[in-house]
Amino acid sequence: MLKKPIIGIAVLIAVVIGIGFVLPRTAHVERAIVIEAPPANVFTVLNGFRQFNAWSPWADIDPNAKTVLEGPAAGVGSKMSWSGNAEVGEGSQEIVESTPHRLIKVKLGFGDFPGDFTATYTLVPEGTGTRITWGFDADYGSSLMGRYFGLLSDAMLGPDYEKGLSRLKAYVDKLPKGDLSTLSFEQVEVPASIVVITSIRSTDTPSAIGVSLGVAYGRLQGYMSTAGLKQAAPPMAIYRGTDGGTVAIDAAIPVDRADAAPAGAIRIEKLAGGPAMRAEYKGPYTGLPGARAQLQAYLVATGERSTGAVWEQYVSDPAKVGDADLVTHIFSPI
(Lines give C-alpha, C1' and ligand atoms only; values in the text may rest on other atoms or scores of the structure.)
Protein backbone atom coordinates (compact mmCIF):
# COMPACT_ATOMS: atom_id res chain seq x y z
CA MET A 1 0.00 0.00 0.00
CA LEU A 2 2.92 2.38 0.68
CA LYS A 3 4.93 1.47 -2.38
CA LYS A 4 3.03 3.61 -4.89
CA PRO A 5 2.94 6.78 -2.72
CA ILE A 6 6.64 6.44 -1.95
CA ILE A 7 7.42 6.03 -5.64
CA GLY A 8 5.20 8.99 -6.42
CA ILE A 9 6.96 11.18 -3.89
CA ALA A 10 10.36 10.10 -5.18
CA VAL A 11 9.32 10.93 -8.74
CA LEU A 12 7.98 14.31 -7.64
CA ILE A 13 11.22 15.10 -5.85
CA ALA A 14 13.21 14.06 -8.89
CA VAL A 15 11.06 16.28 -11.10
CA VAL A 16 11.43 19.27 -8.73
CA ILE A 17 15.20 18.78 -8.64
CA GLY A 18 15.41 18.29 -12.38
CA ILE A 19 13.40 21.42 -13.10
CA GLY A 20 15.46 23.35 -10.57
CA PHE A 21 18.68 22.58 -12.44
CA VAL A 22 17.31 24.03 -15.67
CA LEU A 23 15.84 27.15 -14.05
CA PRO A 24 17.80 30.43 -14.47
CA ARG A 25 20.39 30.92 -11.75
CA THR A 26 19.92 34.71 -11.90
CA ALA A 27 16.97 37.03 -11.35
CA HIS A 28 16.43 40.72 -12.03
CA VAL A 29 13.82 43.16 -10.73
CA GLU A 30 13.56 46.88 -11.35
CA ARG A 31 11.13 49.73 -10.92
CA ALA A 32 11.47 53.43 -11.76
CA ILE A 33 9.94 56.78 -10.86
CA VAL A 34 10.56 60.45 -11.68
CA ILE A 35 11.28 62.75 -8.74
CA GLU A 36 11.10 66.53 -9.13
CA ALA A 37 14.55 67.24 -7.75
CA PRO A 38 18.07 67.46 -9.22
CA PRO A 39 20.06 64.19 -9.40
CA ALA A 40 22.51 65.47 -6.76
CA ASN A 41 19.72 65.84 -4.20
CA VAL A 42 18.33 62.33 -4.76
CA PHE A 43 21.86 60.91 -4.79
CA THR A 44 22.65 62.57 -1.46
CA VAL A 45 19.67 60.89 0.24
CA LEU A 46 20.60 57.45 -1.15
CA ASN A 47 24.39 57.60 -0.71
CA GLY A 48 24.22 56.47 2.94
CA PHE A 49 21.78 54.78 5.31
CA ARG A 50 20.98 57.42 7.93
CA GLN A 51 17.79 58.26 6.04
CA PHE A 52 16.98 54.77 4.76
CA ASN A 53 14.19 54.00 7.23
CA ALA A 54 12.56 57.36 6.47
CA TRP A 55 11.49 56.03 3.07
CA SER A 56 12.11 52.27 3.15
CA PRO A 57 9.07 50.14 2.20
CA TRP A 58 9.98 47.69 4.97
CA ALA A 59 10.49 50.11 7.87
CA ASP A 60 6.91 49.72 9.13
CA ILE A 61 6.90 45.92 9.19
CA ASP A 62 8.73 45.71 12.50
CA PRO A 63 9.04 49.07 14.31
CA ASN A 64 11.20 47.34 16.94
CA ALA A 65 13.78 46.06 14.45
CA LYS A 66 17.34 46.93 15.40
CA THR A 67 19.68 48.62 12.92
CA VAL A 68 23.40 49.24 13.20
CA LEU A 69 25.33 51.72 11.02
CA GLU A 70 29.02 51.15 10.33
CA GLY A 71 31.75 52.71 8.24
CA PRO A 72 31.61 56.21 6.75
CA ALA A 73 28.33 58.11 6.81
CA ALA A 74 28.21 58.20 3.01
CA GLY A 75 29.79 56.57 -0.01
CA VAL A 76 31.74 53.35 -0.42
CA GLY A 77 31.99 51.41 2.83
CA SER A 78 28.82 52.83 4.37
CA LYS A 79 27.00 49.84 5.86
CA MET A 80 23.70 49.07 7.58
CA SER A 81 22.83 45.82 9.36
CA TRP A 82 19.38 44.90 10.66
CA SER A 83 17.64 42.23 12.70
CA GLY A 84 13.94 41.97 13.45
CA ASN A 85 10.96 39.68 13.62
CA ALA A 86 10.46 36.60 11.44
CA GLU A 87 9.14 38.69 8.54
CA VAL A 88 12.03 41.15 8.61
CA GLY A 89 14.75 38.63 9.42
CA GLU A 90 18.34 39.76 9.51
CA GLY A 91 20.77 41.01 6.93
CA SER A 92 23.02 43.81 5.80
CA GLN A 93 23.61 46.24 2.96
CA GLU A 94 26.85 47.99 2.08
CA ILE A 95 27.66 50.54 -0.60
CA VAL A 96 30.37 49.09 -2.84
CA GLU A 97 30.26 51.62 -5.68
CA SER A 98 29.30 55.29 -5.69
CA THR A 99 29.50 57.49 -8.78
CA PRO A 100 28.34 60.99 -7.80
CA HIS A 101 24.85 61.86 -8.98
CA ARG A 102 24.66 58.84 -11.34
CA LEU A 103 24.96 55.41 -9.71
CA ILE A 104 25.04 53.69 -6.33
CA LYS A 105 25.64 49.94 -6.05
CA VAL A 106 24.83 48.10 -2.83
CA LYS A 107 25.87 44.60 -1.76
CA LEU A 108 23.06 42.81 0.07
CA GLY A 109 23.13 39.89 2.48
CA PHE A 110 20.14 38.03 3.93
CA GLY A 111 21.44 35.95 6.80
CA ASP A 112 22.19 32.40 5.65
CA PHE A 113 20.08 32.60 2.50
CA PRO A 114 22.34 31.41 -0.35
CA GLY A 115 23.25 33.66 -3.27
CA ASP A 116 24.91 36.90 -4.28
CA PHE A 117 22.62 39.93 -4.18
CA THR A 118 23.06 43.49 -5.43
CA ALA A 119 20.83 46.55 -5.46
CA THR A 120 21.48 49.51 -7.75
CA TYR A 121 20.17 53.05 -7.87
CA THR A 122 20.59 54.58 -11.33
CA LEU A 123 19.92 58.32 -11.68
CA VAL A 124 19.28 60.08 -14.99
CA PRO A 125 18.13 63.70 -15.45
CA GLU A 126 14.64 63.93 -16.91
CA GLY A 127 13.11 67.32 -17.56
CA THR A 128 13.47 69.34 -14.37
CA GLY A 129 13.72 66.21 -12.26
CA THR A 130 15.44 62.85 -11.97
CA ARG A 131 14.44 59.40 -13.15
CA ILE A 132 15.60 56.89 -10.57
CA THR A 133 15.65 53.19 -11.38
CA TRP A 134 15.91 50.86 -8.39
CA GLY A 135 17.24 47.49 -9.47
CA PHE A 136 17.80 44.13 -7.77
CA ASP A 137 20.03 41.37 -9.13
CA ALA A 138 20.45 37.91 -7.64
CA ASP A 139 22.77 35.04 -8.55
CA TYR A 140 21.64 31.88 -6.76
CA GLY A 141 24.42 29.70 -8.12
CA SER A 142 23.64 26.01 -7.56
CA SER A 143 20.97 26.62 -4.91
CA LEU A 144 17.76 24.97 -6.13
CA MET A 145 15.71 26.76 -3.48
CA GLY A 146 17.18 30.06 -4.64
CA ARG A 147 16.38 29.36 -8.27
CA TYR A 148 12.75 28.73 -7.41
CA PHE A 149 12.71 31.96 -5.42
CA GLY A 150 14.10 33.64 -8.51
CA LEU A 151 10.91 32.79 -10.39
CA LEU A 152 8.91 34.73 -7.80
CA SER A 153 11.31 37.67 -7.41
CA ASP A 154 9.40 40.18 -9.50
CA ALA A 155 6.04 39.31 -7.97
CA MET A 156 7.44 39.38 -4.43
CA LEU A 157 9.81 42.35 -4.64
CA GLY A 158 8.28 44.54 -7.35
CA PRO A 159 5.40 45.92 -5.22
CA ASP A 160 7.82 46.72 -2.38
CA TYR A 161 10.08 48.61 -4.78
CA GLU A 162 7.12 50.58 -6.08
CA LYS A 163 6.09 51.48 -2.54
CA GLY A 164 9.65 52.43 -1.61
CA LEU A 165 10.10 54.69 -4.63
CA SER A 166 6.80 56.40 -3.93
CA ARG A 167 7.87 57.03 -0.33
CA LEU A 168 11.29 58.23 -1.51
CA LYS A 169 9.63 60.73 -3.85
CA ALA A 170 7.42 62.06 -1.04
CA TYR A 171 10.45 62.33 1.25
CA VAL A 172 12.62 64.21 -1.27
CA ASP A 173 9.73 66.53 -2.12
CA LYS A 174 9.80 67.81 1.48
CA LEU A 175 13.53 68.56 1.54
CA PRO A 176 14.94 72.08 1.05
CA LYS A 177 15.13 73.07 -2.61
CA GLY A 178 18.22 73.96 -4.63
CA ASP A 179 20.79 71.94 -6.54
CA LEU A 180 23.35 70.37 -4.20
CA SER A 181 25.73 69.76 -7.10
CA THR A 182 26.80 73.42 -7.00
CA LEU A 183 29.03 72.72 -3.98
CA SER A 184 31.35 69.92 -2.91
CA PHE A 185 30.85 68.47 0.57
CA GLU A 186 33.17 66.54 2.86
CA GLN A 187 33.05 65.40 6.47
CA VAL A 188 36.24 66.54 8.20
CA GLU A 189 37.83 66.60 11.63
CA VAL A 190 38.55 70.24 12.51
CA PRO A 191 41.61 70.75 14.75
CA ALA A 192 41.45 73.00 17.80
CA SER A 193 42.83 76.47 17.17
CA ILE A 194 43.84 79.73 18.85
CA VAL A 195 42.26 82.86 17.39
CA VAL A 196 42.24 86.60 17.88
CA ILE A 197 38.58 87.54 17.75
CA THR A 198 36.20 90.48 17.90
CA SER A 199 32.41 90.55 17.76
CA ILE A 200 30.54 92.71 15.26
CA ARG A 201 26.96 93.29 14.17
CA SER A 202 26.09 94.09 10.57
CA THR A 203 23.12 94.56 8.30
CA ASP A 204 22.34 91.11 6.93
CA THR A 205 23.42 91.69 3.31
CA PRO A 206 26.59 90.38 1.62
CA SER A 207 27.91 93.86 0.87
CA ALA A 208 27.37 95.18 4.40
CA ILE A 209 28.85 92.01 5.94
CA GLY A 210 31.89 92.33 3.66
CA VAL A 211 32.51 95.95 4.74
CA SER A 212 32.09 95.12 8.43
CA LEU A 213 34.41 92.12 8.24
CA GLY A 214 37.00 94.14 6.34
CA VAL A 215 37.10 96.76 9.11
CA ALA A 216 37.24 94.05 11.80
CA TYR A 217 40.10 92.16 10.13
CA GLY A 218 42.04 95.43 9.81
CA ARG A 219 41.75 95.96 13.57
CA LEU A 220 42.74 92.35 14.27
CA GLN A 221 45.81 92.63 12.00
CA GLY A 222 46.88 95.80 13.80
CA TYR A 223 46.53 94.06 17.17
CA MET A 224 48.50 91.05 15.93
CA SER A 225 51.32 93.30 14.72
CA THR A 226 51.52 95.07 18.09
CA ALA A 227 51.40 91.78 20.05
CA GLY A 228 53.88 90.01 17.77
CA LEU A 229 51.41 87.32 16.76
CA LYS A 230 51.70 85.42 13.49
CA GLN A 231 48.73 84.36 11.39
CA ALA A 232 48.37 80.54 11.40
CA ALA A 233 45.44 80.00 8.97
CA PRO A 234 42.98 81.97 6.80
CA PRO A 235 40.56 84.45 8.43
CA MET A 236 37.24 83.18 9.74
CA ALA A 237 33.71 84.53 10.24
CA ILE A 238 31.54 82.75 12.81
CA TYR A 239 27.81 83.41 12.43
CA ARG A 240 26.08 83.82 15.80
CA GLY A 241 22.51 84.57 14.67
CA THR A 242 20.24 87.16 13.09
CA ASP A 243 17.80 89.61 14.65
CA GLY A 244 15.62 92.16 12.89
CA GLY A 245 17.63 92.31 9.68
CA THR A 246 21.02 92.35 11.39
CA VAL A 247 23.50 89.53 11.93
CA ALA A 248 25.94 88.93 14.78
CA ILE A 249 29.36 87.70 13.63
CA ASP A 250 32.63 86.90 15.33
CA ALA A 251 35.51 87.96 13.06
CA ALA A 252 38.53 85.77 13.86
CA ILE A 253 42.06 85.09 12.64
CA PRO A 254 43.93 81.95 13.78
CA VAL A 255 47.30 82.77 15.39
CA ASP A 256 50.37 80.93 16.63
CA ARG A 257 50.06 81.45 20.38
CA ALA A 258 47.66 82.49 23.14
CA ASP A 259 49.79 84.53 25.55
CA ALA A 260 48.91 88.05 24.33
CA ALA A 261 46.73 90.28 26.50
CA PRO A 262 43.28 91.38 25.26
CA ALA A 263 42.85 94.92 23.97
CA GLY A 264 39.42 96.52 24.19
CA ALA A 265 36.95 94.50 22.09
CA ILE A 266 39.73 92.22 20.82
CA ARG A 267 40.38 89.02 22.74
CA ILE A 268 42.12 85.68 22.33
CA GLU A 269 40.10 82.46 22.44
CA LYS A 270 40.72 78.76 22.00
CA LEU A 271 38.23 77.18 19.61
CA ALA A 272 37.49 73.51 20.18
CA GLY A 273 37.89 71.13 17.27
CA GLY A 274 35.67 68.22 16.32
CA PRO A 275 33.72 66.65 13.45
CA ALA A 276 32.22 69.04 10.92
CA MET A 277 30.67 69.03 7.48
CA ARG A 278 32.61 71.26 5.10
CA ALA A 279 31.28 72.77 1.90
CA GLU A 280 33.65 74.28 -0.64
CA TYR A 281 32.26 77.28 -2.47
CA LYS A 282 33.99 78.96 -5.42
CA GLY A 283 32.85 82.37 -6.54
CA PRO A 284 32.11 85.90 -5.35
CA TYR A 285 31.24 86.53 -1.73
CA THR A 286 27.74 87.65 -2.78
CA GLY A 287 26.93 83.95 -3.26
CA LEU A 288 27.83 82.95 0.30
CA PRO A 289 24.30 83.25 1.80
CA GLY A 290 23.04 80.75 -0.78
CA ALA A 291 26.02 78.49 -0.14
CA ARG A 292 25.33 78.48 3.60
CA ALA A 293 21.72 77.55 2.89
CA GLN A 294 22.90 74.70 0.64
CA LEU A 295 25.09 73.35 3.42
CA GLN A 296 22.08 73.25 5.73
CA ALA A 297 20.05 71.52 3.00
CA TYR A 298 22.82 68.94 2.60
CA LEU A 299 22.77 68.21 6.33
CA VAL A 300 19.02 67.61 6.20
CA ALA A 301 19.33 65.33 3.16
CA THR A 302 22.02 63.21 4.79
CA GLY A 303 20.38 63.03 8.20
CA GLU A 304 23.22 64.86 9.93
CA ARG A 305 22.50 67.40 12.69
CA SER A 306 24.22 70.75 13.09
CA THR A 307 25.44 71.14 16.66
CA GLY A 308 26.67 74.73 16.70
CA ALA A 309 27.39 77.94 14.84
CA VAL A 310 28.26 77.86 11.14
CA TRP A 311 31.53 79.52 10.18
CA GLU A 312 33.37 80.46 7.00
CA GLN A 313 37.08 80.43 6.26
CA TYR A 314 38.31 82.61 3.40
CA VAL A 315 40.91 80.40 1.73
CA SER A 316 41.71 82.80 -1.11
CA ASP A 317 43.20 86.27 -0.76
CA PRO A 318 40.80 88.66 -2.58
CA ALA A 319 43.76 90.97 -3.25
CA LYS A 320 45.36 88.25 -5.39
CA VAL A 321 42.39 86.33 -6.84
CA GLY A 322 39.43 87.48 -8.94
CA ASP A 323 35.89 87.15 -7.63
CA ALA A 324 35.09 84.13 -9.81
CA ASP A 325 38.04 82.18 -8.38
CA LEU A 326 37.62 82.99 -4.69
CA VAL A 327 37.48 79.79 -2.59
CA THR A 328 35.59 79.77 0.69
CA HIS A 329 35.17 76.83 3.06
CA ILE A 330 31.92 76.77 5.01
CA PHE A 331 31.73 74.57 8.12
CA SER A 332 28.98 73.25 10.31
CA PRO A 333 29.84 71.21 13.42
CA ILE A 334 27.97 67.89 13.49
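**Strands, salt bridges and a cavity**

Reply: In strand β6 of this predicted model, T120 is the bridge partner of K105.

Me: How many bridges join β5 to strand β6?

Reply: Strand β6 covers residues 116–126 and runs antiparallel to β5. The two strands form a hairpin with six residues between them, and G111 in the turn has a positive phi of about 60°. The number of bridges that join β5 to β6 is six.

Me: Which residue of β5 is the bridge partner of Q93?

Reply: Strand β4 (residues 90–99) runs antiparallel to β5, and seven bridges join the two. Their hairpin has three residues between the strands, and H101 takes a positive phi near 70° there. The partner of Q93 in β5 is L108.

Me: Which side chains of strand β5 point to one face and are buried?

Reply: Buried here stands for under 20% relative accessible area. Along β5 (residues 103–109) the side chains alternate between two faces.

Me: How many salt bridges does the count come to?

Reply: Side chains of opposite charge can pair when their charged atoms come close. The rule used asks for a side-chain nitrogen of Lys or Arg within 4 Å of a carboxyl oxygen of Asp or Glu. By this rule the count is 14.

Me: How many residues apart are R278 and E186?

Reply: R278 and E186 form a salt bridge, with 2.8 Å between the closest N and O atoms. This pair links distant parts of the chain, since R278 lies in strand β13 (residues 274–282) and E186 in strand β8 (residues 184–190). R278 is partly exposed at 22% relative accessibility, and E186 is partly exposed at 40%.

Me: Is D259 buried or exposed?

Reply: D259 forms a salt bridge with R257, whose closest N and O atoms are 2.5 Å apart. R257 has 29% relative accessibility and counts as partly exposed. The limit for exposed is over 50%. At 58% relative accessibility, D259 therefore counts as exposed.

Me: How far apart are the closest N and O atoms of R131 and E126?

Reply: R131 is partly exposed, with 33% relative accessibility. E126 is partly exposed as well, with a relative accessible area of 35%. R131 and E126 form a salt bridge, and the distance between their closest N and O atoms is 2.8 Å.

Me: What volume of space lies in the largest cavity?

Reply: Rolling a probe the size of a water molecule over the atoms shows where empty space is left. A search of the whole structure finds one cavity of 30 Å³ or more. The space in the largest cavity is about 40 Å³.

Me: Which elements give two or more residues to the lining of the largest cavity?

Reply: The lining of the largest cavity is made up of V45, L46, G48, F49, F52, W55 and Y121. These lining residues divide into six nonpolar, one polar and no charged. The elements that give two or more residues to this lining are α2 (39–46) and α3 (52–55).

Note on methods. Residues are numbered from 1 along each chain as its sequence is written. This is a predicted model: local features need pLDDT of at least 70, side-chain atom pairs count only at pLDDT 80 or more; totals for chains, interfaces and linings use all residues. Side-chain values use heavy atoms; hydrogens and water are left out. Buried means under 20% relative accessible area, exposed over 50%, partly exposed in between (1.4 Å probe, protein chains only). Helices (H or I, at least four residues) and strands (E, at least two) are DSSP runs, numbered from the N terminus. Two strands pair if DSSP finds at least two bridges between them. On a 1 Å grid over the protein atoms alone, a cavity is a set of points where a 1.4 Å probe fits but cannot get out, and a pocket is an open set with protein on both sides within 12 Å along at least five of seven lines; lining residues have an atom within 4 Å of a point. Grid points are joined across faces, edges and corners, and a volume is the space filled by probe spheres set on the points. Ala, Val, Leu, Ile, Met, Phe, Trp, Tyr, Cys and Pro count as nonpolar, Asp, Glu, Lys and Arg as charged, and the others, Gly among them, as polar.
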